[in-house]
Amino acid sequence: MQADVIFRNANIIDGTGSPAFTGDVAILDDRITGIGDLGTDHGGREIDCHGHTLAPGFIDPHVHHDEALLTDPGMDCMLSQGVTTIIAGNCGFSIAPLTATMKDLPQPLGMILTSSRPRFARFADYRNQLRQTPAAVNSACLIGHGTLRINEVADLGRPADASELKAMQTSLDQALDEGGIGVSTGLFYPPARAATTEEAIAMARIAKSHGKLYVTHMRDEGDHGIDALKETFEIGQESCCGVHVSHHKCAGLANHGQSEITLSMFRDAMRQHDVSLDTTPWTASSTMLNSGRHRQATRVIVADSIPYPQMAGRDLADIAREWNTDLDTAMERLLPATGIFFIMDESDVRRILSFEHTIICSDGIARGDHSHPRVWGTFPRVLGHYVRDVGLFSLEEAIKRMTSMPAQRFGLKDRGLIRKGAFADLVLFDPATIQSGATYEKPKTPAYGIKSVWVNGRESWADGKNVGNRAGMLLDRDVS
């Protein structure tokens with residue numbers, strides 16, 4: 001057999017959770033064409049992988065890189081940690097379809113969309129732009145219920161009326177026809193906070209009619225998290241739509257330890273309905289600074305401030321002292337701004353991570369000079385810290401949660417596995433040295449131990465450098 005590339009003597013982890021094995025992997029064009037002992041085969045390029053692990057490219061099911069795919073198509077923050085596919089449009093906010101004409105968009109949509117970029121009135125317009133100017137990673141996009149509310153609901157402080165709801169359903173139906181892979185909600189955020197459970201059910205029914213998912217940043221992840229989880233399961237059951245809970249956490253000091261209850265609720269719900277979840281491997285979250293989470297956190301770092309960009313990276317408490325004011329007043333002066341909130345307990349993080357159904361995500365938003373380190377370091381943190389150092393689960397199990405599990409959940413056909421006929425999305429790394437380079441002090445530091453990253457059969461990252469290939473594809477959900 002003749003191949004474009006053959007990886008020789010690799011420690012292969014295929015993404016299924018099965019034990020690693022030593023062998024070769026051949027790729028031709030954008031597909032894997034051979035696995036095992038390929039000693040008699042020849043490749044245009046042959047790579048000796050001795051001592052290194054070859055895995056499917058990691059799939060990040062929860063990011064906010066909708067616009068970054070266009071403005072920063074090299075996607076260094078993703079490639080440098082082994083991610084080859086991302087899913088955007090999360091938390092109820094996608095940058096398409098966006099028809100609202102207001103100058104200042106409500107947060108958090110304003111966090112992911114700059115005023116200098118064109119707006120896409122149809123999802124097909126966004127899809128076509130990505131196909132004309134591909135990014136370095138594959139991408140798929142959810143359609144944001146919050147974005148549709150901004151388009152159609154005259155007063156975001158109340159539930160949608162019948163005509164507004166119908167307009168949102170029609171717009172969602174069209175966007176899913178054009179390639180959106182599901183609907184996302186962010187009932188926690190102001191533009192959707194007034195939406196009723198019935199409104200969410202109505203949107204989920206449209207997703208169900210397309211065989212696609214309802215993905216949610218729940219109404220609450222803190223003091224009322226259990227009630228929000230009950231509402232989420234109700235939405236899935238009433239709509240008969242598959243439900244995916246984003247970045248599951250137990251936020252706030254009063255809720256530490258609550259994961260014992262919530263994970264039991266997930267297990268019970270999964271016996272009755274199609275339910276899944278993802279989480280991040282960090283005790284700090286990140287969102288708009290005026291989310292209310294500063295009152296529940298042990299520490300708050302200002303990630304980005306439009307009026308005071310020089311405050312990025314500083315603690316909110318230090319800024320308040322310097323300004324001789326309280327936290328609330330300091331926060332108001334910094335707006336619009338984003339923050340990093342130390343709001344979770346490590347025991348909950350570990351318990352949720354180790355839950356057998358949990359998928360790994362970053363929840364990254366590449367904005368400002370001092371983003372959360374999860375933007376650059378999530379997947380190496382799991383492999384280095386939680387697998388190698390802590391021993392929370394095996395390397396094979398971790399890779400499964402980063403590859404085949406998100407691919408299967410989101411219907412990404414022929415992704416997330418090393419098998420013959422699958423797309424050649426691959427990451428070669430050193431399991432002895434892989435770790436996050438990103439820290440809260442220096443969040444934009446690439447990971448250590450990532451040797452090479454391939455997207456659709458083309459090398460895109462090698463030895464700490466972006467090779468410059470823009471081989472990413474825009475993906476739809478396979479509903480066959």
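Predicted model: local features only at pLDDT ≥ 70, side-chain atom pairs only at ≥ 80, totals over all residues.
How many nonpolar, polar and charged residues does the lining of the largest pocket have?

Residues are numbered from 1 along each chain as its sequence is written, and side-chain values use heavy atoms, with hydrogens and water left out.

A pocket is an open set of points on a 1 Å grid over the protein atoms alone, with protein on both sides within 12 Å along at least five of seven lines; its lining residues have an atom within 4 Å of a point. The largest pocket holds about 340 Å³ of space, a volume being the space filled by probe spheres set on the points. It is lined by 21 residues, of which Ala-68, Thr-71, Ala-366, Arg-367 and Gly-368 are the closest to its centre. Helices H1 (68-71), H2 (76-79), H3 (109-112) and H14 each give two or more residues to this lining; helices here are DSSP runs of H or I with at least four residues, and strands are E runs of at least two, numbered from the N terminus. By class, the lining has ten nonpolar, five polar and six charged residues. In this count Ala, Val, Leu, Ile, Met, Phe, Trp, Tyr, Cys and Pro are nonpolar, Asp, Glu, Lys and Arg are charged, and the others, Gly among them, are polar.

The interior can be considered next. In soluble globular proteins, nonpolar side chains tend to be buried together. A nonpolar core is a set of buried Ala, Val, Leu, Ile, Met, Phe, Trp, Tyr and Cys residues joined through side-chain atoms within 4.5 Å, where buried means under 20% relative accessible area with a 1.4 Å probe, protein chains only. The largest core has 116 residues, and within it Tyr-126 and Phe-429 touch the most other members. Helix H14 (residues 374-389) supplies the largest share of this core, seven residues. A second, separate core of 16 residues includes Ile-47, Ile-418, Ala-422 and Leu-426.

The UniProt record, in an unreviewed entry, places the feature "domain: Amidohydrolase" at residues 45-249 and 370-458; such positions use the numbering given here, feature names are shortened, and annotations may be inferred rather than shown by experiment. The span 370-458 is 34% helix and 12% strand, and its end C-alpha atoms lie 31 Å apart.

Note on methods
Buried < 20%, exposed > 50% of the residue type's maximum accessible area, 1.4 Å probe, protein only. 1 Å grid on protein atoms, 1.4 Å probe; cavity = no way out; pocket = protein on both sides within 12 Å on 5 of 7 lines; lining within 4 Å.
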